[in-house]
Each structure stands twice: as structure tokens, then as C-alpha cells.
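Please open the structure in the viewer and keep the selection tool at hand.

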Amino acid sequence: LLTQWFRAGAVVGGFVRFEVVQESGWADGEDDLYRRQIGGMTPYSVNLPGVPWAYFHAGDYVALQTSMRFWARRALEFGPVASGVSLRDPDRRGETAFGTLLGVGGELDYRWGDWQANLRGGFSPSLRKMHPGMPGWTALVSVGWAESPATTK
């Protein structure tokens, strides 16, 4: 099992944040404990807007995600997200061929004090093409709290 990941970003013009996330993996003789989860928009899987949480599992894959966030106010960020993943045997039939999946979406992030609310959503035309019965739309709402260093006693 060999995995690699890269994450980089930059603030441009004081109000735009650009980010790139790239990840890849290669495995031999893997089972479901070692295959990477692909789908959804949580930090626990390879993000692919429009695909349900961990819908795909892969040992051999290459993934790329780009996003651009605009600051409407200091506490509010929003912007588009685009992802692509090439993985071996997307339908898990024992094939050796790779398939490519695409997803596009958006994110809205609001912070107030020690709280944060995040709304993510997207569409995957690849999922709709592979499985016409799937809607291809997903959304994720999360709320979090972390005591800021300024308020720590």
C-alpha cells in the first residue's frame, strides 16, 4: 500500500483564497479495510461533490480538487469546488480498467465567535451516467465549536 497527498493554497488580492488538494494511492492485494473511501464532501474521504458518502472504494486512484473561496465579510466565505477522481474498477467487478468521476459544487462557511457553520453541496454528472437511478446531488451541513486561544483560561 502506497499513498501520497498534497494540499496547497494561497490568498489572492486579500479577499480570494485558492486551494488545491491532490491525492493518489496504489495497492496490491487490498481489501475493504485498506481501500480509500471516495465520495461525499467530508474531511474523512476523497471529496467528490454529488456522490454520497464513501460510495466508491479504491486501492488504485488519483484525485484532484480545486476550490476558490471569496470573503464576503471577515466571517463569511463562499465559492465553487470542482473534483475529479480516476480509480481502478469503480463498479468493483474485478476489472482492471480505470474510470473517471467528476463532481462540481459549492461551499458556504460562516464563523461567529467559537462556532462555525458549513454548507456544502454538489452534483456529479459521472454518477448519473453510471447509475441513472441515482440523483447525483448531495448536500452536507455541519456545525462545529472550538474554543479560540483568546478565550482559553
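Where is the place of D89? Select D89 to find out: the residue lies in the loop between β6 and β7. Please note that the model is a predicted one.

Remain at D89 and inspect its backbone. Its phi is positive, about 55°, although D89 is not a glycine. For comparison, most residues other than glycine have a negative phi. D89 has a relative accessible area of 8% and is therefore buried, the limit being under 20%.

Next, select R92, which is found in the loop between β6 and β7 as well. R92 is also a residue other than glycine with a positive phi, near 55°. Is R92 buried or partly exposed? With a relative accessible area of 39%, R92 counts as partly exposed.

**The sheet**

Now display the strands. An open sheet of 7 strands runs in the order β1-β2-β5-β6-β7-β8-β9, and the pairing is antiparallel. Which strands stand at the edges? They are β1 (2-12) and β9; each has a single partner strand, so one side of each is left without a neighbour in the sheet. On average, neighbouring strands of this sheet are turned by 15° against each other, with direction ignored.

**Two strand pairs**

Select residues 2-12 and 16-26 to show β1 and β2. These antiparallel strands are joined by 11 bridges. Within the pair, V11 stands opposite R17 in β2. The two strands form a hairpin with 3 residues between them. In the turn, select G13, which has a positive phi of about 70°.

Then move to residues 61-73 and 76-88, which are β5 and β6. How many bridges join these two strands? There are 10, and the strands run antiparallel.

**The nonpolar patch**

For the last stop, select F78, L108, Y110, W112, W115, L119, V141, V143 and W145 and show their surface. Together they form a nonpolar patch with about 910 Å² of accessible area. The elements giving two or more residues to this patch are β7 (98-112), β8 (115-123) and β9 (137-145).

Methods
Residues are numbered from 1 along each chain as its sequence is written. This is a predicted model: local features need pLDDT of at least 70, side-chain atom pairs count only at pLDDT 80 or more; totals for chains, interfaces and linings use all residues. Side-chain values use heavy atoms; hydrogens and water are left out. Patches are made of residues with over 30% relative accessible area and no salt bridge: like charges are joined within 9 Å, nonpolar side chains (Val, Leu, Ile, Met, Phe, Trp, Tyr) within 5 Å. Accessible areas come from the Shrake-Rupley method with a 1.4 Å probe; for residues, only the protein chains shown count as cover. A salt bridge is a side-chain nitrogen of Lys or Arg within 4 Å of a carboxyl oxygen of Asp or Glu. Helices (H or I, at least four residues) and strands (E, at least two) are DSSP runs, numbered from the N terminus. Two strands pair if DSSP finds at least two bridges between them. Axes are lines fitted to C-alpha atoms, for helices over the stretch in contact, and angles run from 0 to 180 degrees between N-to-C directions. Buried means under 20% relative accessible area, exposed over 50%, partly exposed in between (1.4 Å probe, protein chains only).
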